[in-house]
Amino acid sequence: AIQICSYRGHRSGSIPPNHLALAASPGSQPQLQLRPIAPTDNITGLPLLINKIGLKLGRGKQLREEVVHKYFHGVDIKNIPQIVECFHPDGAIIRDVCSLANRDVPYEQVGKMVTPEFLGERCREFLAAHPDCKVKFHHGPTCGRGSNNNWVYAHWYEEGTFSGNSQGIEPDGSPLTVQGQTRFLVGNDLKIREIVITRTFSRWE
């Protein structure tokens, strides 16, 4: 999931379906994800024409933030279809800058195009290993400044327990304490097209 949905094998160069963002300001308090993003009645589920009208009316940044909220909400409630529908049908580029395999690789060469279904499956595997996983924010999804800035940033952390068997790895009961900052590029079609992730790792990974 954000990391969030990371998955086994990442350290050898695999790409996790995770997340983006802003550094926490000094003294800021972690915040629970409280803003409801319903998968059926949210504006992002309306026809593209209506979305385009909203973009022209200056609601682009808010709509892009709602897409990323919807993604995180899908992780929280373990709704894989909701996670999948947040991404462009043709796929998204995932750049995991913390992968050891990418340590000496130029940024423009870091990344992999993957399908929404692939990302959903990676999230499913991560959540199977951490069935009580909850996503929280230091800073919730926030669209960048500037009229042409379509990046949404989030500084997140996850809590839970490595208590489930996933990919044949036996759980050891260790606490899930990971965090990261993720950038999401959200297009005018209100679909995520690219993710850049900086994060820590779970024991399962």
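1. A salt bridge here is a side-chain nitrogen of Lys or Arg within 4 Å of a carboxyl oxygen of Asp or Glu. Bridges that share partners join Asp96, Arg199 and Glu205 into one network. Glutamate 205 is buried at 13% relative accessible area, and arginine 199 is buried at 5% (buried is under 20%, exposed over 50%, partly exposed in between; 1.4 Å probe, protein chains only).

2. Before going on, please note that this is a predicted model, where local features need pLDDT of at least 70, side-chain atom pairs count only at pLDDT 80 or more, and totals for chains, interfaces and linings use all residues. Residues are numbered from 1 along each chain as its sequence is written, and side-chain values use heavy atoms, leaving out hydrogens and water.

3. The structure holds 10 salt bridges. In one of them, the side chains of lysine 134 and aspartate 76 meet at 3.7 Å, N to O. This pair links distant parts of the chain, 58 residues apart: lysine 134 is in strand 4 and aspartate 76 in helix 1 (helices, H or I, at least four residues, and strands, E, at least two, are DSSP runs numbered from the N terminus). Lysine 134 is partly exposed at 40%, whereas aspartate 76 is buried at 11%.

4. Glutamate 125 is buried at 9%, and arginine 122 is buried at 11%.
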